[in-house]
Amino acid sequence: MASDTPAIQKRPDAIAATALIVAIAGWIVPGLGHLLLGRWGRAVFLFLAVGGLALVGFAMRGELFARESGDPFGALGFFADACSGAFYFLPRVMHWAGPDVSRAAGDYGTRFLAAAGVVNLLGVLDACGIALGRKR
Amino acid sequence: MMGGGFHVSHLAAMAAFAACVSVALAALARGTFPARFKYALLSLVLFLAIGVGIAWLMYPFSR
């Protein structure tokens with residue numbers, strides 16, 4: 001009568017739902033996915049890294065890629081920017097001078113903003129791997 | 001700071017980028033905290049060394 005699977009083992013659909021929630025939370029607020037999984041150390045450092053890249057990028061007057069850029073590189077740039085979650089919408093809620101890529105600093109800022117999104121994407125994938133039991 | 005943007009040197013911008021990315025990579029790496037701290041330091045040093053090295057390699061072509 002004894003079952004082969006332990007009673008505390010989660011059902012696959014529950015694991016998938018947890019991974020989805022963790023992924024969405026981690027995308028919206030960098031590090032929140034790890035925080036929900038109890039990995040507060042990773043959560044704090046990930047938030048600081050993504051936030052640091054995004055804030056320095058905005059301070060250097062980097063440019064966010066437009067959704068309708070019309071070329072593949074622009075689409076990739078928009079995808080990278082959008083991956084930074086809440087930081088993507090930061091310029092809309094705070095006073096910001098806007099992009100200025102006529103100077104080298106503005107061009108660097110654009111790369112900082114894209115890197116913030118890519119780093120957060122790595123964090124989301126890491127949190128998903130933990131939630132699915134593929135990583136520790 | 002956000003009003004007119006701030007001006008940083010190329011080296012300072014590269015160092016800030018390297019520091020942020022190194023912290024993120026170390027945070028996502030496996031292992032104990034000391035091992036990940038060493039990984040972050042190594043990553044930061046390599047970022048800076050390779051960046052300065054490539055800059056020196058490109059120097060003859062800059063003028």
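The legends below describe close-up views of a predicted two-chain model.

Residues are numbered from 1 along each chain as its sequence is written, and chains are lettered from A and ligands numbered from 1 in the order in which they are written. Because the model is predicted, local features need pLDDT of at least 70 and side-chain atom pairs count only at pLDDT 80 or more, whereas totals for chains, interfaces and linings use all residues.

**View 1. Packing of helices H1 and H2 within chain B.** Helix H1 (residues 10–28) and helix H2 (residues 33–58) of chain B have axes that come within 8 Å and cross at roughly 150 degrees. Helices here are DSSP runs (H or I, at least four residues), numbered from the N terminus; axes are lines fitted to C-alpha atoms over the stretch in contact, with angles from 0 to 180 degrees between N-to-C directions. H1(B) and H2(B) are therefore roughly antiparallel, a label for angles over 145 degrees. The crossing of H1(B) with H2(B) is right-handed, that is, the near helix is turned clockwise from the far one by less than a right angle. Residues of H1(B) in this contact include B:Met14, B:Ala18 and B:Leu25, and those of H2(B) include B:Phe37, B:Leu44 and B:Gly51; contact requires C-beta atoms, placed from the backbone, within 7 Å. By class, the contact of H1(B) with H2(B) has 13 nonpolar, 3 polar and 1 charged residues. Ala, Val, Leu, Ile, Met, Phe, Trp, Tyr, Cys and Pro count as nonpolar, Asp, Glu, Lys and Arg as charged, and the others, Gly among them, as polar.

**View 2. Burial along H1 of chain B.** Buried residues of H1(B) include B:Phe17, B:Cys20, B:Val21 and B:Leu28. A residue is buried if 20 or more other C-beta atoms lie within 10 Å of its own, exposed if 12 or fewer, and partly exposed in between, with C-beta atoms placed from the backbone. The cover over the buried residues of H1(B) includes H3 and H6 of chain A together with H2 of chain B. At 1.5 Å a residue, the 19 residues of H1(B) should span 27 Å, in agreement with end C-alpha atoms 27 Å apart; the expected span is 1.5 Å times one less than the number of residues.

**View 3. The contact between chains A and B.** Chain A gives 24 residues to the contact and chain B gives 17 residues. On the side of chain A, helix H3 (40–59) and helix H6 (104–131) are the elements that give two or more residues. The largest share, 10 residues, comes from H3(A). By class, this side of chain A has 17 nonpolar, 3 polar and 4 charged residues.

**View 4. H6 of chain A alongside H1 of chain B.** The axes of H6(A) and H1(B) come within 10 Å and cross at roughly 5 degrees. That makes H6(A) roughly parallel to H1(B), the label for angles under 35 degrees. Among the residues that meet are A:Phe112, A:Val119 and A:Asp126 in H6(A) and B:Phe17, B:Val21 and B:Leu28 in H1(B). This contact of H6(A) with H1(B) has 10 nonpolar, 1 polar and 1 charged residues.

**View 5. Helices H1 and H6 within chain A.** Helix H1 (residues 12–28) of chain A packs with H6(A) at an angle of about 160 degrees, their axes 9 Å apart. H1(A) and H6(A) are therefore roughly antiparallel, and their crossing is right-handed. The contact includes A:Ile15, A:Val22 and A:Trp27 in H1(A) and A:Val124 and A:Ala131 in H6(A). By class, the contact of H1(A) with H6(A) has 9 nonpolar, 3 polar and no charged residues.

Methods. Angles under 35 degrees count as roughly parallel, over 145 as roughly antiparallel, 65 to 115 as roughly perpendicular and the rest as oblique. Two residues are in contact if their C-beta atoms, placed from the backbone, lie within 7 Å.
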